[in-house]
Amino acid sequence: MKQSSLEMNVFGKEIIHLSSVDSTNNFAATLLSNQLCQNGTAILADAQSFGRGQRGNTWQSENGKNLLLSFIFKPDNLSVQRQHELTWATSLSILKTLGKFNIHAEVKWPNDVLVYGKKIAGILIENQITGDSISSSVIGIGLNVNQTDFSSIQATSISNELNNQYSKELVFQELCDSMNVLFDQIVKNESDILKSAYENTLFQKGKIGQYEDQLGTFDGKIIGVDENGFLLVKVEKEIRTYGIKEIRYCSK
Ligand code: BTN
């Protein structure tokens, strides 16, 4: 069988840089609906007036300090059942990028990127579905680079971790390189490789922690994810499976 591969280095080939926008994800969605972008186009902004986060939250970022961007990904034939792989590949791309700066990060399931328990990056992926396939995906990433003051929020940045200021362009270039490697694994159907790489990054994996589900709080141990991207938590001898919004971490 012919194995397809990601067209060479699509991420970052076309870059749209805005000084300000409501949300790079909104801008990307508009470009997509007007067919004005390619596979891999990156929309970067210095500031967002309405940066969006997960669960309807807003994403705050000091003007000009951090990476605020959305990538457009147009998969060839990616079933909607594999949408969690976009989360896996994006999280791993951010971790690989941070690794280039010698920062060790973890993923708080499903897609919060943490350094010693503090959030350094967030991901908001919005898919357009046609039939059973993902026709296009907007991959929004907020990665804290040079912001040093987060008031009371449990957050950090590359600058805070390394006590230095960094070029956002350099971080962006590293991120594009990592996206090109990790998304190639999606295109090549290397789901198992992605899954085990992602599992290895999971925050609190293998440690007893306190969690809460609809029945109350309990002590359990994260052991990985299943092939659908659900979180697997071992509670005594039982293995429980959780989807998004079905479990809360109590300790962080
Ligand atoms: C989260 O809540 O953790 C996800 C945050 C995602 C923020 C990024 S910033 C660039 C892109 N545009 C948005 O409006 N949101 C994402």
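User: What makes the link between the side chains of Gln 54 and Asn 111 a polar contact?

Analyst: A polar contact is a pair of N or O atoms within 3.5 Å, where, within protein, one atom must be able to donate a hydrogen and the other to accept it, and residues adjacent in sequence count only if both atoms are side-chain atoms. The side chains of Gln 54 and Asn 111 are joined at 2.7 Å, which is within 3.5 Å and therefore meets the distance cut-off. This is a predicted model, in which local features need pLDDT of at least 70 and side-chain atom pairs count only at pLDDT 80 or more, while totals for chains, interfaces and linings use all residues. Residues are numbered from 1 along each chain as its sequence is written, and side-chain values use heavy atoms, with hydrogens and water left out.

User: How do you know that the side chains of Gln 54 and Arg 55 also make a polar contact?

Analyst: The distance is 3.4 Å and the contact runs from side chain to side chain, as the rule asks of residues adjacent in sequence.

User: Why is Gln 54 called buried?

Analyst: A residue is buried under 20% relative accessible area, exposed over 50% and partly exposed in between, judged with a 1.4 Å probe and protein chains only. Gln 54, which lies in the loop between β2 (residues 42-48) and β3, has 14% relative accessibility and therefore counts as buried.

User: Which residues come nearest to the ligand?

Analyst: They are Ser 23, Gln 48, Arg 52, Gln 54 and Lys 119, out of 19 residues around the ligand; to count as near, a residue must have a heavy atom within 4 Å. For Gln 54, a backbone N or O atom lies 2.7 Å from an oxygen atom of the ligand. A polar backbone atom of Arg 52 is 2.7 Å from a nitrogen atom of the ligand, and a polar side-chain atom of Gln 48 lies 2.9 Å from a ligand nitrogen atom. The protein covers 98% of the 420 Å² of accessible area that the ligand has on its own, as computed by the Shrake-Rupley method.

User: What is the make-up of the shell around the ligand by class?

Analyst: The shell has 6 nonpolar, 10 polar and 3 charged residues, where Ala, Val, Leu, Ile, Met, Phe, Trp, Tyr, Cys and Pro count as nonpolar, Asp, Glu, Lys and Arg as charged, and the others, Gly among them, as polar. Helix α1 (24-33) and strands β3 (67-73), β7 (118-130) and β8 (133-143) each supply at least two shell residues, and β7 gives the most, with 4. These elements are DSSP runs numbered from the N terminus, with helices (H or I) of at least four residues and strands (E) of at least two.

User: What makes the largest nonpolar core a core, and which members touch the most others?

Analyst: A nonpolar core is a set of buried Ala, Val, Leu, Ile, Met, Phe, Trp, Tyr and Cys residues joined through side-chain atoms within 4.5 Å. The largest one has 56 residues, of which Phe 71, Ile 94, Leu 98, Leu 143, Phe 183 and Leu 231 touch the most other members. Helix α4 (residues 168-187) gives the largest share of this core, 8 residues. At least three residues come from each of domain 1 (15-199) and domain 2 (208-250), with bounds from an automatic or database domain assignment.

User: Why is Asn 163 called exposed, and what is its phi?

Analyst: Asn 163, in the loop between α3 and α4, has a relative accessible area of 70% and is therefore exposed. Its phi is positive, about 55°, although Asn 163 is not a glycine. Most residues other than glycine have a negative phi, and most peptide bonds are trans.

User: Which peptide bond is cis, and where is Pro 110 found?

Analyst: The bond from Trp 109 to Pro 110 is cis, with omega near 0°, and Pro 110 sits in the loop between β5 (106-108) and β6 (112-115).

User: Why is Gln 210 placed in its accessibility class?

Analyst: Gln 210, in strand β9 (residues 208-213), has a relative accessible area of 37% and is therefore partly exposed. Gln 210 and Cys 250 are 40 residues apart in sequence and 5.4 Å apart in space, C-alpha to C-alpha.

How values were computed:
Areas by Shrake-Rupley, 256 points an atom, 1.4 Å probe, with all protein chains shown as cover.
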